[in-house]
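Here is a friendly walk through one protein model, taken a few contacts at a time. Keep the structure in view and look for each residue as it comes up.

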Amino acid sequence: MDAESPVFAIAVAAELAGMHPQTLRQYDRIGLVVPGRTRGGSRRYSMRDIEQLREVAQLSSEGMSLPAIARLLDLEDEVRMLRSRVTELEGALRAERESRPGVRVFAAGASGQVFSVGSGRRIRRSTEVVLWRPRTITPDPDPGPGPGPGPG
């Protein structure tokens with residue numbers, strides 16, 4: 001069983017979280033801690049849900065409002081998802097680098113020069129801000145006589 005598996009009925013979850021089952025129903029209604037559901041519609045809580053319920057109780061006892069707690073839990077979920085995505089992307093990048101051993105990496109210096117970076121070498125980051133603007137091509141205000149009409 002992993003932390004995400006919804007296995008606990010509401011009575012067990014309430015006991016594990018130190019709350020009344022009605023409180024869990026209220027939190028579910030307002031979207032604070034939303035358990036899984038069985039095919040018959042019964043609530044099933046995971047260990048992660050139990051941990052969240054305990055966190056809600058702690059924050060609430062410290063005076064935080066339920067909407068603020070809901071926002072905090074949403075942000076924690078987003079951070080967890082983003083960390084997972086970063087780990088996934090780092091793995092993909094590592095695999096890509098390993099599949100192309102001849103690929104070179106380049107870095108830009110503070111004055112704009114570009115140089116090759118050896119494999120495994122870390123670059124000391126500068127705190128300078130370098131502003132780069134692409135060169136814009138301005139149309140000639142007086143293009144002069146054109147090639148004239150095409151064949152006709």
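Asp 77 has a relative accessibility of 30%, so it counts as partly exposed. This is a predicted model, and in it the side chain of Asp 77 forms a salt bridge with that of Arg 48, with 2.5 Å from N to O. Arg 48 belongs to helix α3 while Asp 77 belongs to helix α4 (residues 66-99), so their pairing ties together parts of the chain that are 29 residues apart in sequence. Arg 48 itself has a relative accessibility of 16%; because buried means under 20%, Arg 48 counts as buried.

Across the whole structure, a search finds six salt bridges.

Another of these joins the side chains of Asp 28 and Arg 43, at 2.7 Å from N to O. Here too the pair links distant parts of the chain: Asp 28 sits in helix α2 (residues 21-29) and Arg 43 in strand β2 (residues 43-44), 15 residues apart. Are these two residues buried or exposed? Both Asp 28 and Arg 43 are buried.

The side chains of Arg 85 and Glu 88 meet in a salt bridge of 2.4 Å, N to O. These residues are three apart in helix α4, so about one helical turn separates them. Arg 85 has a relative accessible area of 39%, which means that it is partly exposed. Glu 88 is partly exposed as well, with a relative accessible area of 48%.

Helix α1 (residues 10-17) and helix α3 (residues 47-61) lie with their axes 9 Å apart, at an angle of about 45 degrees. The two helices are therefore oblique to each other, and α1 passes α3 in a right-handed crossing. Which residues of α1 meet α3? They are Ala 13, Leu 16 and Ala 17, and on the α3 side they meet Ile 50, Leu 53 and Arg 54.

Conventions:
Residues are numbered from 1 along each chain as its sequence is written. This is a predicted model: local features need pLDDT of at least 70, side-chain atom pairs count only at pLDDT 80 or more; totals for chains, interfaces and linings use all residues. Side-chain values use heavy atoms; hydrogens and water are left out. Axes are lines fitted to C-alpha atoms, for helices over the stretch in contact, and angles run from 0 to 180 degrees between N-to-C directions. Helices (H or I, at least four residues) and strands (E, at least two) are DSSP runs, numbered from the N terminus. Angles under 35 degrees count as roughly parallel, over 145 as roughly antiparallel, 65 to 115 as roughly perpendicular and the rest as oblique. A crossing is left-handed if the near helix is turned anticlockwise from the far one by less than a right angle, and right-handed if clockwise. Contact means heavy atoms within 4.5 Å. A salt bridge is a side-chain nitrogen of Lys or Arg within 4 Å of a carboxyl oxygen of Asp or Glu. Buried means under 20% relative accessible area, exposed over 50%, partly exposed in between (1.4 Å probe, protein chains only).
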